[in-house]
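Biologist: Could you take me through one part of this model up close? I'd like the strands and the turns that link them.

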Amino acid sequence: LEGVFNSTESEVPLQQGLEASVYAGYSYTFADRLLLDASLRGSMFLAPDQRPYWSVSPDLSLTYNLYHAGKIKGTYSWRSQHIFQVGMSNIGLPLEFWLLAGHYNKPQRSQSLDLSVQWGVIRFCRPVRKAPLQSDGV
């Protein structure tokens with residue numbers, strides 16, 4: 001085994017970025033049972049290497065109200081993420097760290113489609129069961 005041991009302390013290089021966004025949302029009820037929610041988020045991220053990344057993230061949701069019986073809801077969304085966690089768990093262990101989008105790490109993008117059904121057991125009771133069906137893709 002060969003090598004040199006260096007006992008000098010080194011600092012972890014810091015990354016700095018800037019993110020700015022604009023959001024607009026719209027909600028409309030059709031015939032007292034059908035609710036449409038639409039939103040659009042535009043963002044700009046300035047990476048540490050001064051490279052700008054632009055993204056548009058639309059969301060669309062349609063909810064059918066069954067009144068006391070429950071609700072049926074379908075949602076579509078398209079997301080961009082410029083800051084992301086690198087690690088092997090979803091709980092944020094101290095061994096994991098965050099990266100900014102840049103020359104070596106492109107922004108992450110995902111699309112999701114969700115269908116959920118909510119129903120109540122007793123009339124005049126808040127819905128107590130929820131059965132989501134979800135599909136996420138990149």
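Biologist: How many residues lie between β2 and β3 in their hairpin, and which residue in the turn has a positive phi?

Modeller: Five residues lie between β2 and β3 in that hairpin, and the turn residue with a positive phi, about 65 degrees, is Gln50. Before going on, a word on the ground rules: this is a predicted model, where local features need pLDDT of at least 70 and side-chain atom pairs count only at pLDDT 80 or more, while totals for chains, interfaces and linings use all residues. Residues are numbered from 1 along each chain as its sequence is written, and side-chain values use heavy atoms, with hydrogens and water left out.

Strands here are DSSP runs of E, at least two residues, numbered from the N terminus, and two of them pair if DSSP finds at least two bridges between them. β2 (residues 34-46) and β3 (residues 52-65) pair in the antiparallel sense over 13 bridges, with Arg41 standing opposite Ser57 in β3. In general, most residues other than glycine have a negative phi. Gln50 is also exposed, at a relative accessible area of 56%; exposed means over 50%, buried under 20%, and partly exposed in between, with a 1.4 Å probe and protein chains only.

β1 covers residues 18-30 and pairs with β2 in the antiparallel sense over 13 bridges; Ser27 stands opposite Asp37 in β2. The loop between β1 and β2 holds Ala31, another non-glycine with a positive phi, about 50 degrees. Ala31 is exposed, with a relative accessible area of 75%.

Now for the rings: those of Phe, Tyr and Trp (its six-membered ring) pair if their centres lie within 6.5 Å, and planes under 30 degrees apart count as stacked, over 60 as edge-to-face and the rest as tilted. That rule gives two aromatic pairs. Tyr26 and Tyr28 have ring centres 6.5 Å apart and planes at 5 degrees, so they are stacked. For Tyr28 and Phe30 the centres are 4.7 Å apart and the planes at 75 degrees, so that pair is edge-to-face. Tyr26, Tyr28 and Phe30 make up one aromatic cluster. Tyr28 is partly exposed at 38% relative accessible area, and Phe30 is partly exposed at 35%. As a rule, side chains in a regular strand alternate between the two faces of the sheet.

Technical notes
Helix = DSSP H or I, 4+ residues; strand = E, 2+ residues; numbered from the N terminus.
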